[in-house]
Amino acid sequence: MAEGSAGELIRAARVLATAVDHCTFSAPVTHVLNPLDYAWAPYAAYLGRFATGPRRVVFLGMNPGPFGMVQVGVPFGEVAAVRDWMGITAPVAQPRKPNPHRPVEGFACGRSEVSGRRLWALFRERFGTAEAFFADHLVLNYCPLAFFDRGRNVTPDKLPAHEAGPLFEACDAHLRAAVEALATEWLIGIGKFAAARAERALASSAARPRIASILHPSPASPVANRGWAQAALRELVALGIWQDDARLRL
């Protein structure tokens, strides 16, 4: 059993997984996948290996992508980055209610999560090894659920208020527990939605980190497609989170 902050995050994730499983969703959502259920093994391995103590910076995503965390359980879980850079492989089961339009293939998934590929490539270029990056950083997702209208991704910000309310309440509680366990100094939303949710969740928290956001690496963003890594690097340097080292500029 993992101890310290990793153990606390694992317990908090178990509570979150159970809470969100009780939430209900209606059209246009046809399928809801919870990687904290069927892909628990790689997610627990991720926390057990990389959340072992205080983390100065936590990057916070919105929710799982169809070819990332949906497949392998790790936030922004581009398969090659998780398997080859982080060194994580673990069994992935099937969802209780699979989505035939977005099948879960686990580490055998042949498609790359573009957002995850961009995110982890930046960290790899900047720090070299996963161990060097995770010594001071961690990546989490605000919401653990992936929503689909058949094959189309539905993001949590598109949910009606009466469905989002109970979901966000559970996600807020999990985020507060994670930040407290990690003694986080900076919470960086990967995109505006995650930062806004963090502001609400942590507004009255005793362990409130500084909160900011960086550009989301989604290929749906024209700005991200014109050089996401360079833009994110400039934002992180401007915030004072990373130093401007000419040797490490992308």
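This is a predicted model: local features need pLDDT of at least 70, side-chain atom pairs count only at pLDDT 80 or more; totals for chains, interfaces and linings use all residues.
Local features were taken at pLDDT of at least 70 and side-chain atom pairs at pLDDT 80 or more, whereas totals for chains, interfaces and linings use all residues. Residues are numbered from 1 along each chain as its sequence is written, and side-chain values use heavy atoms, with hydrogens and water left out.

Strand 2 spans residues 57-61. Helices (H or I, at least four residues) and strands (E, at least two) are DSSP runs, numbered from the N terminus. Five of the five residues in strand 2 are buried. Buried denotes under 20% relative accessible area, exposed over 50%, and partly exposed the range in between (1.4 Å probe, protein chains only). In a regular strand, side chains alternate between the two faces of the sheet. Here both faces are covered: Val57, Phe59 and Gly61 lie on one side, Val58 and Leu60 on the other.

Strand 2 pairs with two other strands, where pairing requires at least two DSSP bridges. Strand 3 (residues 137-141) runs parallel to strand 2 over five bridges. In this pairing, glycine 61 stands opposite asparagine 141. Strand 6 (residues 186-190) is also parallel to strand 2, over four bridges. There, valine 58 faces leucine 187.

A nonpolar core is a set of buried Ala, Val, Leu, Ile, Met, Phe, Trp, Tyr and Cys residues joined through side-chain atoms within 4.5 Å. The largest holds 82 residues. Tyr46, Phe59, Trp120 and Leu167 touch the most other members. Helix 8 (residues 161-182) gives the most to this core, with ten residues. A second, separate core has seven residues, including Leu33, Ala39, Val70 and Ala146. Beyond its neighbours within four places in sequence, phenylalanine 59 contacts (heavy atoms within 4.5 Å) residues including Phe123, Phe133, Leu138, Ile188 and Trp242.

The structure holds 22 aromatic pairs. Rings of Phe, Tyr and Trp (its six-membered ring) pair if their centres lie within 6.5 Å; planes under 30 degrees apart are stacked, over 60 edge-to-face and the rest tilted. Phenylalanine 25 and phenylalanine 147 are edge-to-face, because their planes stand at 70 degrees, with centres 4.9 Å apart. Phenylalanine 25 lies in the loop between helix 1 (4-21) and strand 1 (31-33) and phenylalanine 147 in strand 4 (residues 146-149), so the pair ties together parts 122 residues apart in sequence. Phenylalanine 25 is buried at 19% relative accessible area, and phenylalanine 147 at 0%.

Tryptophan 85 and phenylalanine 133 form a tilted pair, with centres 6.4 Å apart and planes at 40 degrees. Both residues are buried. Ring pairs link them into a cluster whose members include Tyr46, Phe59 and Trp120.
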